[in-house]
Amino acid sequence: MKFRVNRDVLADAVAWAARVLPSRPAMPVLSGLLLEADDGLVLSAFDYDVSARASIEADVAEPGRVLIPGRILAEITRSLPAEVVEIVTSGSEAVLTCGSAEFGLLTMPVEDFPTLPTMPPKIGAVGGGIFASAVGQVAPAASRDETLPMLTGIRVDISGETVTMATTDRYRIAAREFGWRPEQSEITAAAMVPARVLVEVARSLRGGEVSMALGEGVAGFESVGRSTTVRLLDEQFIDYRARLTDDWSIRADLHVAPFVEAIKRVALVGERNTPIRLSFSQGQVLIQAGGGDLGRGTETVDAELSGDDIQIAFQSQFLLDGLSGIETELVRLNMESPSRPALVAEVPGDADPAFRYLVMSLRLP
């Protein structure tokens with residue numbers, strides 16, 4: 001095998017594919033990146049749960065396949081000078097040259113590399129910006145506790161031209177609804193996709209569209225020459241819609257930016273897990289935190305209140321995670337009592353808010 005490729009293009013593709021390499025591979029070959037040169041260059045990684053393929057342009061002189069340790073290849077390509085990269089296989093080595101730099105990398109047995117799963121049937125497509133925004137809004141509420149796999153995923157519900165993504169870690173629920181272009185107008189489907197995979201897919205988007213595919217126990221995502229497949233989690237999930245459609249007797253509308261800034265400032269004197277207290281009255285909200293060894297902080301922000309005055313408390317980062325998903329200038333806090341969860345949502349216009357975030361309140365001291 002012998003090919004030449006642009007250094008920046010190669011480094012970017014290697015870094016993208018290498019992100020799925022397991023830190024503790026079940027077999028040594030799973031730590032490798034498979035390079036296949038023919039009409040162009042395809043780089044692949046696979047750990048039996050997630051696969052990644054990146055296709056890039058390359059000047060191929062001799063077609064072939066080679067398996068190279070992925071993490072060291074990522075480190076090398078990132079540090080190369082701005083010159084054309086050439087890779088040639090020679091015996092048990094893959095010789096990489098770039099300018100005056102040369103590396104001889106020991107290859108791995110390509111015949112031992114497992115066959116990558118095929119992409120399932122395409123079921124629709126959505127703009128990359130919308131997809132990335134939706135994932136970014138709901139992912140913070142996904143659990144990191146691997147002992148409860150169901151909570152580490154993003155629930156994807158598809159009904160015709162509407163997709164809803166939802167997550168929960170038992171302390172909050174995040175949901176985002178958006179339109180897309182389904183392959184079949186009457187399609188109905190549901191899947192639990194590991195949140196870490198969707199976050200990585202969203203991070204790598206550069207515009208264009210994301211094609212979504214769904215098969216038996218596998219989901220696929222493809223955009224601009226890059227594709228990812230992932231094994232799905234158990235479909236069991238809470239009835240999140242019922243929890244997001246409660247009646248609320250108290251509503252407060254606030255400008256997002258000053259509200260977020262005030263919470264961050266006041267939280268500086270709060271110890272870990274110390275609640276942020278919000279005291280809503282007509283025309284304002286008093287934000288309070290601290291009172292322990294570090295001191296205390298207070299700040300007042302304008303708020304338009306509908307309903308009775310209320311004092312309610314939240315874990316500060318949980319509240320900030322919800323506010324970070326608001327894409328409008330104003331946010332609405334829907335509340336019922338200090339002991340019940342509150343719903344953070346964009347101030348609705350003619351339609352229901354696309355993003356909703358239910359967060360548990362904390363007991364006031």
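This is a predicted model: local features need pLDDT of at least 70, side-chain atom pairs count only at pLDDT 80 or more; totals for chains, interfaces and linings use all residues.
1. The annotated domain. According to an unreviewed UniProt entry, residues 1-117 carry the annotation "domain: DNA polymerase III beta sliding clamp N-terminal". In the model, this span is 44% strand and 19% helix, and its end C-alpha atoms are 24 Å apart.

2. The order of the sheet. Five strands form an open sheet in the order β5-β1-β7-β8-β9, and their pairing is antiparallel.

3. One pairing in detail. Strand β1 (residues 2-5) and strand β7 (residues 85-90) run antiparallel and are joined by 4 bridges. The reader may locate this pairing through V5, which stands opposite V85 in β7.

4. The largest pocket. Its volume is about 350 Å³. The lining comprises 17 residues, of which E146, T152, P194, A195 and R196 are the closest to the centre of the pocket.

5. What surrounds the pocket. Two elements, α4 (195-203) and β18 (226-231), each contribute at least two residues to the lining of the largest pocket. The most comes from α4, which supplies 3 residues. Which classes of residue make up this lining? There are 10 nonpolar residues, 5 charged residues and 2 polar residues.

Methods
Residues are numbered from 1 along each chain as its sequence is written. Side-chain values use heavy atoms; hydrogens and water are left out. Two strands pair if DSSP finds at least two bridges between them. UniProt positions are given in the numbering used here, feature names are shortened, and annotations may be inferred rather than shown by experiment. On a 1 Å grid over the protein atoms alone, a cavity is a set of points where a 1.4 Å probe fits but cannot get out, and a pocket is an open set with protein on both sides within 12 Å along at least five of seven lines; lining residues have an atom within 4 Å of a point. Grid points are joined across faces, edges and corners, and a volume is the space filled by probe spheres set on the points. Ala, Val, Leu, Ile, Met, Phe, Trp, Tyr, Cys and Pro count as nonpolar, Asp, Glu, Lys and Arg as charged, and the others, Gly among them, as polar.
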